[in-house]
Amino acid sequence: MSTRELTCIGCPLGCAVTVTLKDGSVTAVTGNTCPRGDTYARKEVTNPTRIVTSTVHVTGGIHPMVNVKTSSDIPKDKIFACMDALKGVRAAAPVRIGDVILSNAAGTGADIIAAGNVPAK
Amino acid sequence: MKYYDLVIVGGGPAGLAAAVSARDCGIEDILILERDNELGGILNQCIHNGFGLHTFKEELTGPEYAARFIDQVTERGIDCRLHTMVMDISVDTEAGSFRKKVTAMNRTDGMFEISAAAVILAMGCRERSRGALNIPGFRPAGIFSAGTAQRLVNMEGYMPGREVVILGSGDIGLIMARRMTLEGAKVKVVAELMPYSGGLKRNIVQCLDDFGIPLKLSHTVIDIEGKHRVSAVTIAEVGADRKPIPGTEERYTCDTLLLSCGLIPENELSKGAGIALSPVTSGPIVNDSLETSIEGVFACGNVLHVHDLVDYVSQEAAAAGKHAADYIRHGNKKHAKTVEIRSTDGVRYTVPKYVRPTEMSDTLTVRFRVGDVYKNCSIAVYFDDICVSRRRRPVMAPGEMEQIILEKKKLGEYPDLCSITIRIEK
């Protein structure tokens, strides 16, 4: 039996969560103050994931850049692959929140979607 | 002079939520004045996620969170003037009743004055600069506040540098450590003067630990080298007196130094208007209705005190909007009894500072920060000498805002109440 101390990143409260593991599987999660913490802790010790946010250039918009993010969390070790996939990607204005900018980024199954509005110039 | 019931200074998260709330409380005649070319304020450059968990029960990026409120303002047809800088707020003596005069300017209208029954201050805050920090060394290019770098990278599409040292572990510094790393820069170290981080724990995990960026607590920058561009930064450990310890110097070659050393509420307008400011928060001193020392002038968001979470800003601003609406309709309850909230023993300040037991809402959220890291301590609330509540907290730190709730009913049970004290106890 082993334990791991984590800080939940589910929300800014940052609860100190303790995960108890036996033979590589989670037997208990304590210290979390909401169900999100339980989910986070179980994932973090088995398959850690993150939402990735970045920006891409916009052509013909009132702003040069638009905020983008992965449509769901992706494995932590795919973060840089995802950033590489975004290199050189350009979006044409108008861009609306939720527009798909790049599908299946770096083979993660997650799309890159717009997280900001950029009207056309 | 054009008249509005309510003028809101600033179109960031606080101003937007205040406007929506005041409109929903029945105030038709509202004007938002914003100096930038769009609404949303600092949220527009905060492209990371984690906003809105409390308000919308989902994790949004800054621009997404801003868009939700901008849509609400647009749906309600609330007037906004962009590119407009407010120059002065004063009491309008000519209007007879207790009106406020807001002087503003922009490129199309020039300088103009607006008369208002109520004003909500929502100007936000500003970053502490190198000059304010007194960092020794040369003055080459490549030294940015973390927020400036954030704007350059996220909104304008420029990379400020390739090899980075960050001073200060405030949230913007942590967020920028990750952001610069994702964009291909090498962040060599984050140095923090204090023995604890000024940022949220979750940001240390997901911005530093995830990328193996070292955080050196009790360290500060003691030298900056470089003629045209930063070429190296030297950091050293500091003792309990926060002075560098000789022999602990470490030199990092780099081309960029980012500063994330605290935020200061931007209160030049408040000062000009003669509003009483708190020396601790640098924001206006307010009562339970978030009204400042000038009748009919309210404050909310980071201009009042610096928040960790935009969700709390929105809540506070909604309260300010509601109270401003009450004031516009019913005027000020000047003679209501006022009770001071005293902060001692680890509690640095409270917002609000004064409560009117007969006028307050049924419940009042009092927010504050502690002055040090406290483990397994309690937040105790005293009505005069009587302890009315104690709440155990496993960890409290200056970087994370705390709160207590006061109930009107409970205050009503103490008709002779003179003061409320909030303190940290073992």
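Predicted model: local features only at pLDDT ≥ 70, side-chain atom pairs only at ≥ 80, totals over all residues.

Q: Great, in what order do the three strands of the open sheet in chain A sit?
A: The order is β1-β2-β3 in chain A, with antiparallel pairing. β1 (2-7) and β3 (25-30) of chain A are the edge strands, each pairing on one side only. From one strand to the next, the twist averages 25°.

Q: And how many bridges link β2 and β3 of chain A?
A: Five bridges, with β2 covering residues 16-22. One to look at is A:T18, whose bridge partner in β3(A) is A:T30.

Q: Which helix lies across β1, β2 and β3 of chain A?
A: That's α1 (residues 35-46) of chain A, running at about 120° to β1(A).

Q: Switching topic: how many aromatic pairs are there over all chains?
A: Six. In one of them, A:F80 and B:F211 have ring centres 5.9 Å apart and planes at 90°, so this pair is edge-to-face.

Q: Why does that pair join two chains?
A: Because A:F80 lies in helix α2 (residues 79-86) of chain A, while B:F211 is in the loop between α6 (201-208) and β13 (215-217) of chain B.

Q: Which residues cluster with B:F56?
A: B:Y65 and B:F69 form one aromatic cluster with B:F56. B:F56 and B:Y65 pair edge-to-face, 5.5 Å centre to centre with 70° between the planes, and B:Y65 is buried at 0% relative accessible area.

Q: What lies over the face of B:F56?
A: B:R68, at 4.9 Å from the ring centre. B:R81 likewise lies over the face of B:F112, at 4.6 Å from the ring centre.

Key
Residues numbered from 1 in each chain as written. Chains lettered and ligands numbered in written order. Heavy atoms only, no water. Pairing = 2+ DSSP bridges. Helix = DSSP H or I, 4+ residues; strand = E, 2+ residues; numbered from the N terminus. Axes fitted to C-alpha atoms, helices over the stretch in contact; angles between N-to-C directions. Contact = heavy atoms within 4.5 Å. Phe/Tyr/Trp six-rings, centres within 6.5 Å; stacked < 30°, edge-to-face > 60°. Buried < 20%, exposed > 50% of the residue type's maximum accessible area, 1.4 Å probe, protein only. Lys NZ or Arg CZ within 6 Å of the ring centre and 35° of its normal.
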